[in-house]
Structure formats: structure tokens, C-alpha cells
Amino acid sequence: HISIVLILNHKNMSTLKVRVDQEKLDKAAYVLKCVAHPVRISIIDLLEQRERLTVSQLQEVLSIEQSLLSHHLTNMRDKGIVKTQREGKNVYYSLTDTTITTIIECIKGSKVF
């Protein structure tokens, strides 16, 4: 029986393949490493709810120090996750690609988290 199971397992394994090309995997790992922090995930969630927000608006909702928030936003901007737009005295942050917000849906619907 053992040899039959091994043959069946080997046959099933031959149909498996990595379905995402290496470049996309590298980019995904890069982005996921950057957003792998509760504050950064919260920022993505907030920017999904409102297309753009100022540091003051984000700080009000997140209730964290402005310097800490700025650190996270700078990191996210440097990694290409958020972009800025200056209007007078205000700097607005928005997502560069809204598909990243699917991570929020995964977290909300997951039994792992």
C-alpha cells in the first residue's frame, strides 16, 4: 500500500506549479514587508475609506504621535505605497495603487488573524 500511495502522491505533485512569476513574487514580498506593521495596515485601511488624508487627519484617528506617524508615512512613500500631494499648507497622502486594500479584506475575513 505504501508504494501505491507514493506513486499517487508523486503523480499529483507533477501537476503543481508556481502560478505567479518571480518578478511579481519579489514585488509582493517587498510590499508585504513594508506594510507588515499594525499602524501601516491601519493607514492603508483609512486611505481606502477616504481617497486622501492629511497627517493631522490620520493622527486624529490613529491617536499616535505625529513623529511616529510621519516615520511610517515616509517609509510607505519611499517604498511606493503612498504618494503625497501638497495643497497650500496641507500635504495629502493617498495610495499609489488601491489594489493593496485587498489585504484589509483578507485580514477581516481570515480565521488566522
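User: What makes β2 and β3 a hairpin, and which residue in the turn has a positive phi?

Analyst: The two strands have two residues between them, and Gly88 in the turn has a positive phi of about 65°. β2 (residues 82-87) and β3 pair in the antiparallel sense over six bridges. Strands pair if DSSP finds at least two bridges between them, so β2 and β3 qualify with six. A strand here is a DSSP run of E, at least two residues, and a helix is a run of H or I, at least four, numbered from the N terminus.

Bear in mind that this is a predicted model: local features need pLDDT of at least 70, side-chain atom pairs count only at pLDDT 80 or more, and totals for chains, interfaces and linings use all residues. Residues are numbered from 1 along each chain as its sequence is written, and side-chain values use heavy atoms, leaving out hydrogens and water.

User: How do you know that β1 pairs with β3?

Analyst: Two bridges join β1 (residues 53-54) to β3, and the strands run antiparallel. Tyr93 in β3 is the bridge partner of Leu53, and also of Thr84.

User: Why is Ser94 called buried?

Analyst: Buried means under 20% relative accessible area, exposed over 50%, partly exposed in between (1.4 Å probe, protein chains only). Ser94 has 14%, so the residue counts as buried. Ser94 sits in β3 (residues 90-95).

User: What does Ser94 touch beyond four places away in sequence?

Analyst: Contact means heavy atoms within 4.5 Å. On that basis Ser94 touches Leu47, Glu51, Arg52, Ile81, Val82 and Lys83.
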